[in-house]
Amino acid sequence: MVAFPSDSAGAWTRVTSGKIPYDVYTKPINKSPQDDREYRLIRLDNGLQAMLVHHAKADKSAASLDVAVGHLYDPDDMPGLAHFCEHLLFMGTEQYPKENEYSEYLSKNGGSSNAYTGTSNTNYHFNVSPTALPGALARFAGFFHSPLFAPSCTVRELNAVDSEHKKNHQSDVWRIFQVNKHLSKDGHPWRKFGSGNKESLSQVGKDLKAKGLLNGNGAIKSVDGSLAANPTLSRAASPAPSVSSAISESEGDGGVVGRETRRRLVEWWSKEYCASRMRLCIIGKESLDELSEMAADYFSPIPNRGQEPLPMIPDHPFGPNEMGTLAAVQTVMSFHALEISFPLPHLPPFWKYKPAGFLAHFLGHEGPGSLHSHLKQKGWITGLSAGPQNLARGFAMFKVTLYMTPEGFENYESLVQSVFKYIALLKASEFPPWQQRERSLISATRFRFAEKRRPDDYAVWVSEHMAWPVPRELILSAPQLVEEWDVNDPVNGGESEVREILDSLTIERSRTVLMAKAEEHERVRGKDLTWEKEPWYGTPYRVERFSEEFVQKANQPNDIEELYLPGPNEFIPTNLNVEKREVEKPAKRPFLIRETPLSSLWFKKDDQFWVPKAQVVMDLRTPVACASARATVMTRLFSDLVTDSLTEFAYDADLAGLTYGLSSQSLGLYITLNGYNDKLHVLAKDVLERTRNLKVQPDRLAVMKDQAKREYENSLLGSPFRLSNYYIRYLLSEREWTPDELLAEVTSVTPEELQAYITSLLSKLHIRMAVVGNMYKDEACKLAEMAEDILRSEPLPADQLWNLSLVLPRGSNHVWSAPVPNKNEANNALTYYMSIAKAGDRRRQVLAALVAHILSEPAFNILRTREQLGYIVSASHWHMTGGGQTGLGIIVQSEREPKYLEQRVDAFLGEMREKIASMSDEEFSEHKVALQKQWREAPKNLTEELNRYWPQIEWGYLDFYRRDLDSELIEGVTKEEVLSLFRSAIDPSSTERAKLSVHLKSQKPRPAKISVAAMEAFARKVAEKGYTVDEQAWRDALASDGDAALDKFGSYWRDALLAQAATVPPEVAQSLTAEVPVLLKEYPSGDEGKDDVALDERVAFIQDAKAFRASLPVSERPRPLVEWGDLPTSRY
């Protein structure tokens, strides 16, 4: 059990004034001076601790509950049970049995929810309008004391978990993560398969059924009787039920196997979900007393089951067999990476000095003398990161990760040796106290001027960190602050902790993982390698030990002269002054304060956040940037090379809280700067000068070209739904190129061509700028003047440089179909878009946003939860390129065929037409108010504020008051207007609708299946031929889930017939085999032809994407919707 310093009885006081008594922590919570919220920590009698946050100005409330068990606490025989619990827990409570009651309530009150299962914790959280917080908490708390775990939802949520796993099956992040877990000590919890799938969660039940050990019930009651086997029906029928959605209640619970899975889940939940393991954070406008009462009222019913509050796993997954090894792993995507991991103890107890972070500062540094700088100059890496990683409550890792070039991959052994040379340098170096003092100063400045974030994000952070073993008054500050070393205490003063970790960073105590595609491993390491496969994802890997010679070399002192430790950071801000002038109301727009033929500058001085920070955007526009696919590639290479050249200079600025970004976009380049304004102009000057004066170096260009090529290739191998979304944008944008078109250009770009292109690109520009934050007008104007002086470009007319979309004609219904490029990807994707309104038609845009809001929750509930189409489902309001067109976008990723998905979306839209028509005035008003509250939410920090202004500047509409105007307009919107819009622009039967969908079809064949009827007929034929047939055995082995995989069917009967070969001639078995194709035709499986549906006869399939794009009109050029008149006369 983790002990909490200062968590003594004397630090708590009893409160008995309310209905339910509780304890209050008496010491004040240490918070940032910038934080105007009030905090209180309470402890309920059941052991649950809650941090209550009173935010008087809140326009969104939130809560997060963190349970101190995750997937490492799954039963050994049921991987994924904690994750399955996270899914099924949401399916209704005794107080609110309707399965989507919680999500529906949040949606109608401007909120949303989410949850995740970690290794040692599971977190549930939501946000909602402040007035709806009590109702949200009532629904939320029930999940932890009286969930239904509705039996009717068992199969559907098993399928949801399975779909989530399949979504990740081709993701290298998940695949490599599981390989690392698999290569742990035998029997260690870290080896567990955390996400789970249908097989892992059902196998126990299948095995018990096969042994005749299930009684056909499988449902149990909890101690308090809250988990009835047959609760009130929580499931409504799907619209125009599909074949797959017409599931009976008995089938919905999964039969005896499903009931056993649910029984085990309830058993596990009843043991592990203990109140003392729960930490809660609630953020609301209510007073601390009111929030305390709500926490006590709603969460006291959660039982304390006497479990250890913070169960630890102190044993590290690395044992002697795991360390000193090299594990090679084959990837799906094209990249080269090398990761060296060292075991560490649980890190939160080291909260005061954070010694692992001290070492990460040096190993991950990118300035002169760093490991990154040395390896980059050799042309071996494109990136490097280093730092500690808490794997679970009890153990951690220190990781050094290198992203290699092809040449670096060829020299991976030298790269490993270089890492240990730098570690040797650290071991031989003294660490003067100023190095820790610098970390302490940076962390203190960051904590002092921390800006608020979205309330649910913050609630999650607080609830997670409440589990740290720190004095309760330091819950907020300890995870963020770094203390200076106590130089008078050599034992406990801080440096000794660093030395202890540093001494443990040896090759003998490490594991190195080498990642690349199979052909790259063969190219560098030979073709005669033997590979094993990780069992859950099938990822090929091999493990070997480092040779004694290699280990001895890695333990030698550093002999690389280019390596040395960094000096003091010159970018640490010294001027943190903020001029705070109280205003009645913050201004809601920026002001145009400077305009020349070359640039325009929009500016707003901070009048609400009062932090010494600023946000700057420079949009460098030129039609040259996107004139062709080749120009687009060269613009990207230019921005990559500038960023590459700035690495050493800008790294210290980044550490000190001042960052920049430089990226290519369809009209040129974006330059962004954000952070402490004290030295922002210094960084801005260097970024602009590097941009203007870049000399293309052939060796660095080769690296950037290879990196760009791989990113284009990998974009084709990503999630199908992301690719289908991209293709919709491509089909409906005036200037856009496919990854294939960009790939065709990248390899042939030469240094000379790119240098000439850069000159052309920068010769004529128009610059749009925005500055928001702790700066004065004259300082912002000097930035604009500096940009003009450094870039020295000729001006281009601003009104000729726009991103424009392509307009779907009314009465159109187009489909563009293409294969999913990754041949091993089992998922299909549908992106279904309906164009509704153009910019300037404010009322129609508000109607479109309202329809999207009404459809959002039902789309998830019907298409994902009930119809089981797949894990990825969404419906939302879309703004197309340049903001000139808006519409409704629906996304589904599924193993089902795209045509079938489109049919189900059509059915869903038809049902929603009827739902809106029959919607009560009260419910319609709830949707309007929820959307209105969203629009009236204030920005939480400078970044959010700038993100509201920038699209209006970028797109050219300058409609800064849009959110306020829309929230006023929506009050007068009627249900009849919404229904009229729906019938004309969204309803599949409409002849006026403008619709385009992209179908991406998997190339991976779906496993062939055989129906139960065919298997029964085969078993009869087997018996007729003289074989002994064990009826129950084959049914348990093959038919427990209905139709069976054909290969599994064949394997079972092959073994069964072979076992009786002594009594039946072999030619009889051969004759039976010939019967199978006949039976497959006579008794087709349930999946047979299910997806072979006919689309609307009005659908026009796009044969030539380029010709289709060329046939579409271009959207209108944007014009300001408001003439602000900030500058009385033009400056030119």
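Let me begin with a term: on a 1 Å grid over the protein atoms alone, a cavity is a set of points where a 1.4 Å probe fits but cannot get out. Grid points are joined across faces, edges and corners, and a volume is the space filled by probe spheres set on the points. By this rule, the count is 6 cavities of 30 Å³ or more.

The model is predicted: local features need pLDDT of at least 70, side-chain atom pairs count only at pLDDT 80 or more, and totals for chains, interfaces and linings use all residues. Residues are numbered from 1 along each chain as its sequence is written, and side-chain values use heavy atoms, with hydrogens and water left out.

The largest cavity has a volume of about 90 Å³. Which residues line the largest cavity? They are Ala839, Gly840, Arg842, Gln845, Gly883, Gln952, Trp955, Tyr957, Asp959, Arg962 and Leu1121, where a lining residue has an atom within 4 Å of a point. Two helices, α26 (842-866) and α29 (942-955), each supply at least two residues of this lining; helices (H or I, at least four residues) and strands (E, at least two) are DSSP runs, numbered from the N terminus. By class, the lining has 4 nonpolar, 4 polar and 3 charged residues. Here Ala, Val, Leu, Ile, Met, Phe, Trp, Tyr, Cys and Pro count as nonpolar, Asp, Glu, Lys and Arg as charged, and the others, Gly among them, as polar.

I turn now to the annotated domains. UniProt, in an unreviewed entry, lists "domain: Peptidase M16 C-terminal" for residues 261-434; its positions are given in the numbering used here, feature names are shortened, and annotations may be inferred rather than shown by experiment. Over residues 261-434 the chain is 37% helix and 25% strand, with the end C-alpha atoms 57 Å apart. The unreviewed UniProt annotation "domain: Peptidase M16 middle/third" covers residues 447-745. That stretch, 447-745, is 39% helix and 17% strand, and its end C-alpha atoms are 47 Å apart.

Next, some individual residues. Ala396 lies in strand β12 (residues 395-404). Is Ala396 buried or exposed? Ala396 is buried, because its relative accessible area is 0%, and buried means under 20% relative accessible area, exposed over 50%, partly exposed in between (1.4 Å probe, protein chains only). Beyond residues up to four places away in sequence, Ala396 touches, among others, His316, Phe342 and Gln389, contact meaning heavy atoms within 4.5 Å. Ala396 and His316 are 80 residues apart in sequence, yet 7.9 Å apart in space, C-alpha to C-alpha.

Asp23, in strand β2 (residues 22-25), is buried at a relative accessible area of 13%. Its side chain makes a polar contact with the side chain of Arg14 (3.2 Å). A polar contact is a pair of N or O atoms within 3.5 Å; within protein, one must be able to donate a hydrogen and the other to accept it, and residues adjacent in sequence count only if both atoms are side-chain atoms.

Asn46 sits in the loop between β3 (38-44) and β4 (49-54) and counts as buried at 8% relative accessibility. A polar atom of the Asn46 side chain lies 3.0 Å from the backbone oxygen of Phe299.

Finally, Lys354 has a phi near 45 degrees, a positive value in a residue other than glycine. Lys354 is placed in the loop between β10 (337-345) and α10 (355-363), and counts as buried at 17% relative accessibility.

Technical notes
On a 1 Å grid over the protein atoms alone, a cavity is a set of points where a 1.4 Å probe fits but cannot get out, and a pocket is an open set with protein on both sides within 12 Å along at least five of seven lines; lining residues have an atom within 4 Å of a point.
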